[in-house]
Amino acid sequence: MSPASEKPSSERPSVAVIGLGSMGYGMALSLKKDGFTVTGCDVSADAVKRFVADGGQGADTPAGAAQGADIVISVVVNAAQTETVLFGTDGVAETLPKGAVFVSSATMDPDVARRLARDLEATGRHYLDAPISGGAQRAAQGELTILASGSEAAFAKARPALDAMAAKLYELGDAAGQGAAFKMINQLLAGVHIAAASEAIAFAAKQGLDIRKVYEVITASAGNSWMFENRMPHVLDGDYTPRSAVDIFVKDLGIIQDMARTAKFPVPVSAAALQMFLMTSASGMGRDDDASVARMYAKVTGTKLPGEPN
């Protein structure tokens, strides 16, 4: 498989998407639907074949995908994978044209984002720090929230793709790291809210309450949160198919602890939430939906939840 070598007649920028998981695949599809020539690349050959079957183009390596691209969007899990995509064997930096932009969507420590940006920009390419939020469905609909920071030139180069992928684009600074820092504040709250929601629904079940009625009452009351409203239906249905996995928050809340330790800033609430995710992962549910924290509470306390064995 090889990427397109020619731009369409409209001269729209060519785009490569590295990482065709649930988010990346949706982003690649939304760009293709908006008229971009899009080349997809993933460690899973099946994911690439699926994208080609859906009308996109495929590449075997990040270097192959980036060849001739104006914009490369990296939708991998973490900083280590991002660095490999950039500078590893068959990495993007081998073939990305001078003046092109690399858009990094992974959640990572702001200091790492700054280092990666510095290293890539030294080669004559642009780096945009652009973590994402919104889930797979919004990704496919081009309705993500993007928290971006970078140089004016990086924004200008990436803007056509950003506008196609985002319902809300926040421009948060003129250097990499700011977008990453904003995303980590979001992840602190998201992780705490999931852990709290899971604790509450499992505690309600332990009290013998009808948890569907609990959900109805809480979502109409002051104790509601976006995460309670979004995640607790997974518990009600006993469906822990991963929309966002437990281990994502093991990673992200761990990054927050590292950042806080460096800053000598206490974060005891997010530290407690991290322990809940760690226990859930250690119980064998790391790759399950993050609402599985409720299952961990249920297992520890002998509480029955829908779909779970007695």
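Good morning. The model under discussion is a predicted one.

I begin with the second largest pocket, which holds about 220 Å³ of space. It is lined by 14 residues, and those closest to its centre are Ile185, Ile256, Met259, Ala260 and Ala263. Helix 11 gives the most, with five residues. By class, the lining comprises ten nonpolar, one polar and three charged residues.

Two of those lining helices also take part in helix pairs, and I shall take helix 8 first. Helix 8 covers residues 178–206 and helix 13 covers residues 293–301; their axes come within 8 Å and cross at roughly 40 degrees. The two helices are therefore oblique to each other. The crossing of helix 8 past helix 13 is right-handed. On the helix 8 side, the contact involves Ala195, Ser198, Glu199, Ile201, Ala202 and Lys206, and these meet Val293, Ala294, Tyr297 and Thr301 of helix 13. Six residues of this contact are nonpolar, two are polar and two are charged.

Helix 13 has a further partner in helix 12, residues 268–285. The axes of helix 12 and helix 13 come within 9 Å, with a crossing angle of roughly 75 degrees. That angle makes helix 12 roughly perpendicular to helix 13. From helix 12, the contact draws on Met276, Phe277, Met279, Thr280, Ser283 and Met285; from helix 13, it draws on Val293, Arg295, Met296, Tyr297 and Lys299. Here the division is seven nonpolar, two polar and two charged residues.

How do helix 4 and helix 5 lie, and at what angle do their axes cross? The axes of helix 4 (residues 79–87) and helix 5 come within 11 Å and cross at roughly 5 degrees. Helix 4 and helix 5 are therefore roughly parallel to each other. Ala79, Thr82, Glu83, Leu86 and Phe87 of helix 4 make this contact with Val112, Arg115, Leu116, Asp119 and Leu120 of helix 5. Six of these residues are nonpolar, one is polar and three are charged.

Thank you for your attention.

Conventions. Residues are numbered from 1 along each chain as its sequence is written. This is a predicted model: local features need pLDDT of at least 70, side-chain atom pairs count only at pLDDT 80 or more; totals for chains, interfaces and linings use all residues. Side-chain values use heavy atoms; hydrogens and water are left out. Axes are lines fitted to C-alpha atoms, for helices over the stretch in contact, and angles run from 0 to 180 degrees between N-to-C directions. Helices (H or I, at least four residues) and strands (E, at least two) are DSSP runs, numbered from the N terminus. Angles under 35 degrees count as roughly parallel, over 145 as roughly antiparallel, 65 to 115 as roughly perpendicular and the rest as oblique. A crossing is left-handed if the near helix is turned anticlockwise from the far one by less than a right angle, and right-handed if clockwise. Contact means heavy atoms within 4.5 Å. Ala, Val, Leu, Ile, Met, Phe, Trp, Tyr, Cys and Pro count as nonpolar, Asp, Glu, Lys and Arg as charged, and the others, Gly among them, as polar. On a 1 Å grid over the protein atoms alone, a cavity is a set of points where a 1.4 Å probe fits but cannot get out, and a pocket is an open set with protein on both sides within 12 Å along at least five of seven lines; lining residues have an atom within 4 Å of a point. Grid points are joined across faces, edges and corners, and a volume is the space filled by probe spheres set on the points.
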